Amino acid sequence: MKKIALSLLVISSFLTSCSSDDDSNNLEQQIETPATYSFERDGASTVDFNGQSTRIAMAGELTSALKIETNTEAQLDGMFAHVEGNDDFSEASLNASDKDIRSKVAASRDYFSSNATLSNAIKSDFDLWIADQANNVFSNWNTIATAGNAGQLQQAGGGAVRYINAKGFEINQLVAKGLIGGLMTDQILNNYLSPSVLDEGSNIEDNNSDVVVTGKSYTNMEHKWDEAFGYLYGAELDASMPVLGADSFLNEYLDRLEADDDFAGIAQTVFNAFKLGRAAIVAKDYDLRDAQANIIKENLSKVSAVRAVHYLQAGKVKLNEGDMASAFHQLSEGFGFIYSLQFTRQPNSSNPYFTNAEVMDYIAELSEGNGFWDVTPETLDMISEDIAARFNFTVEAAN
Amino acid sequence: MIKKIVLSVFAIALMVACSKSDDSGSGSQSDGFDRQAMLTNWADNIIIPAFQDLNSKLLTLKTDKDTFLATPNLTNLDVLRASWLEAYKTWQYVEMFDIGKAEELNYADQMNIYPTSVTLIQNNITTGEYDLSNPNLNAAVGFPAVDYMLYGLANNNTDILTTYNNAANAQYLSDLVDQMQSLTAIVLNDWTTGYRNVFVNSTANTATSSTNKLTNDFIYYYEKGLRANKFGIPAGVFSTTTFNDKVEAFYNKEVSKVLSQEALKAVQNFFVGISYNTSVNGDSFSSYLNYLNTIKNGEDLNELINNQFNIAEGKIQQLDNNFSQQVETDNTKMLQTYDELQKAVVLLKVDMVQAMNISVDFIDADGD
């Protein structure tokens, strides 16, 4: 009897030592999802994403500045492509920063490192939107917009005044919602959560042996994962326990999906995947890490899709009511989210849900002729149905 | 007793299972490929002959420079310019070998940093006090500085000839060329008098062994020296604007394309293991990959890489001789060339090195 007990003890101790080294053959998942996004090494936090917080703050100032008609194109360009030390922002720390937004737009490793041609074309779209706002919308700030002419329009019932370009596009919405895809989604899904970045160089070896980056408390791989995390939660007061609604970008619109009964639970799913994936890196379990990355890819991609359909449908309703200012506002948000679809990522795939070419076809349809002034409900429904079908939800669910 | 045996067998089995699941990633196991044969081919048939040829072309450059400075006329200037171009083309075959004495001397930094700094050059000429090997003067020496001295000192040939009435200009040109030749002779001499044996006998798979170091050098050169410097930077891939002045041989204005074609050819020849200036090939990355029989997406990695080089070469062919001009008139073509070059980076830096179990010691630092 003693022998049996002994042998069980020996066996179990071997099994334990075995499985703790093993990354793929776990019979049961041993890594638990942490309660908060807090990770430490030798008593010091290993979590850092200040570069992401900085860029979110820069993007926030840029989109606000697009609504101030006294700004020049050069000032707006300076905010978009900030140069360290330039006096572009109201916040001194942003001016001192060596970060900028433009270089990170359409700049993920997986999609753009060998497609500088497309990366440049996308950056140019943002440049052109900004130029259009500064040169055509600002100069017609006090004229009433008509089909083919930039200016202002007031929403029905004495509502908000919307400032639009010749095609009825509210450009600050194109930029803001375009950045959700071109900056945040692309950087998270196609750059920092990609094995091509996480496993680059000697990252795996270093992480396996807890070799930290010189002068830092984190390993390179841990940091890359945190940088993905930072593009979603970087504006949170306490990102270890996010409350959402902390910025007007991806964080805000994940919150909007959460508030919709059809998508409720998505915020926790994403947060859990970020926590467990990070814990998996600490535990050197890269299969588990990549499984969490796939969960994040699927769910964050959905944000742009659901919001695109939502705004196209809301715009359609307002068009029917004849409230052009409201309609154009909604459709402009939809335009930005459609633009963002090219940066989504299907899990277990190297492809977006919609290619650049498909997105540009939609953009062309929405821009045709006088743009939103003559867009038809049929067009809006057709695009909505396409998007919803590919993401496997219904147009009604997105309403 | 039987139980004990069973137990111990079981325990041993567990230990074996344990250690088996543990030994991946040690990185030092031999894959059986004859690295020494590859290193020997590299050293004897590619690296040393290329350095010999460069040294001899620089000696010609030196002679032609002396002739020109003795009699600064247009004929002699043309001869000198032609020798500069020949040496510059040959340089494209050695820039990637940043190992041994070259690494120790920061040789490449003293030979081909561009854009060259007119301010630094003019300052040197004016003061006459300079140590050309000083790292602070890397942007005032080497082929790009000579490019400026031969094509950029004035707006036309007559005026350029006139500038050489100034003894300080003549002296600077002379010093530049002498320095390039003397550095090259040092590097070459080191290879032929001892380093060659050190190099070919360092056959292990460790971070400091020859194959690993040169593989890193090769990929770094491809990514930085060729892809970024010759194409990406002028095309504005890393910035908000293009830079028509950051091209190789900016002052000559007609040879950035031919230099880049030589560079890509040098890369591909090295990859395939072709002996310098011949069509004979020996052991190389290419044969190493064939040996490992590496399959990526059902295709042969060696073939994928070669095809990608060929595609990039096809893109370069469509560019203007003058990259400065190309960037201004149709930058998309530059970007497309960059993209095709970049596609090979992934194949080399991820797929090839993983197949060979070599770790890359640099990353394309663009994080936060």
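The largest cavity is lined by B:Phe51, B:Trp91, B:Val94, B:Glu95, B:Phe97, B:Asp98, B:Ala102, B:Tyr107 and B:Ala108. The model is predicted: local features need pLDDT of at least 70, side-chain atom pairs count only at pLDDT 80 or more, and totals for chains, interfaces and linings use all residues. Residues are numbered from 1 along each chain as its sequence is written, chains are lettered from A and ligands numbered from 1 in the order in which they are written, and side-chain values use heavy atoms, with hydrogens and water left out.

**Cavity**
- A search of the whole structure finds one cavity of 30 Å³ or more; on a 1 Å grid over the protein atoms alone, a cavity is a set of points where a 1.4 Å probe fits but cannot get out, and lining residues have an atom within 4 Å of a point.
- The volume of the largest cavity is about 30 Å³, a volume being the space filled by probe spheres set on the grid points, which are joined across faces, edges and corners.
- Its lining has seven nonpolar, no polar and two charged residues; Ala, Val, Leu, Ile, Met, Phe, Trp, Tyr, Cys and Pro count as nonpolar, Asp, Glu, Lys and Arg as charged, and the others, Gly among them, as polar.

**Second largest pocket**
- This pocket (an open set of points with protein on both sides within 12 Å along at least five of seven lines) has a volume of about 470 Å³.
- Of its 19 lining residues, B:Glu95, B:Ala108, B:Asp109, B:Tyr220 and B:Lys224 lie nearest the centre.
- Helix α10 (210–232) of chain B gives the most to the lining, with six residues; helices (H or I, at least four residues) and strands (E, at least two) are DSSP runs, numbered from the N terminus.
- By class, the lining divides into eight nonpolar, four polar and seven charged residues.

**Nonpolar cores**
- In the largest nonpolar core, of 112 residues, A:Ile188 and A:Phe274 touch the most other members; a core is a set of buried (under 20% relative accessible area, 1.4 Å probe, protein chains only) Ala, Val, Leu, Ile, Met, Phe, Trp, Tyr and Cys residues joined through side-chain atoms within 4.5 Å.
- Helix α13 (residues 286–321) of chain A gives the most to this core, with 13 residues.
- A second, separate core of 111 residues includes B:Ile125, B:Ala154, B:Val200 and B:Phe218.

**Hairpin in chain A**
- Strands β3 (residues 151–154) and β4 (residues 161–164) of chain A run antiparallel and are joined by four bridges; strands pair if DSSP finds at least two bridges between them.
- A:Gln154 has A:Val161 in β4(A) as its bridge partner.
- Six residues lie between the two strands of the hairpin, and A:Gly157 in the turn has a positive phi of about 75°.

Notes. Buried < 20%, exposed > 50% of the residue type's maximum accessible area, 1.4 Å probe, protein only.
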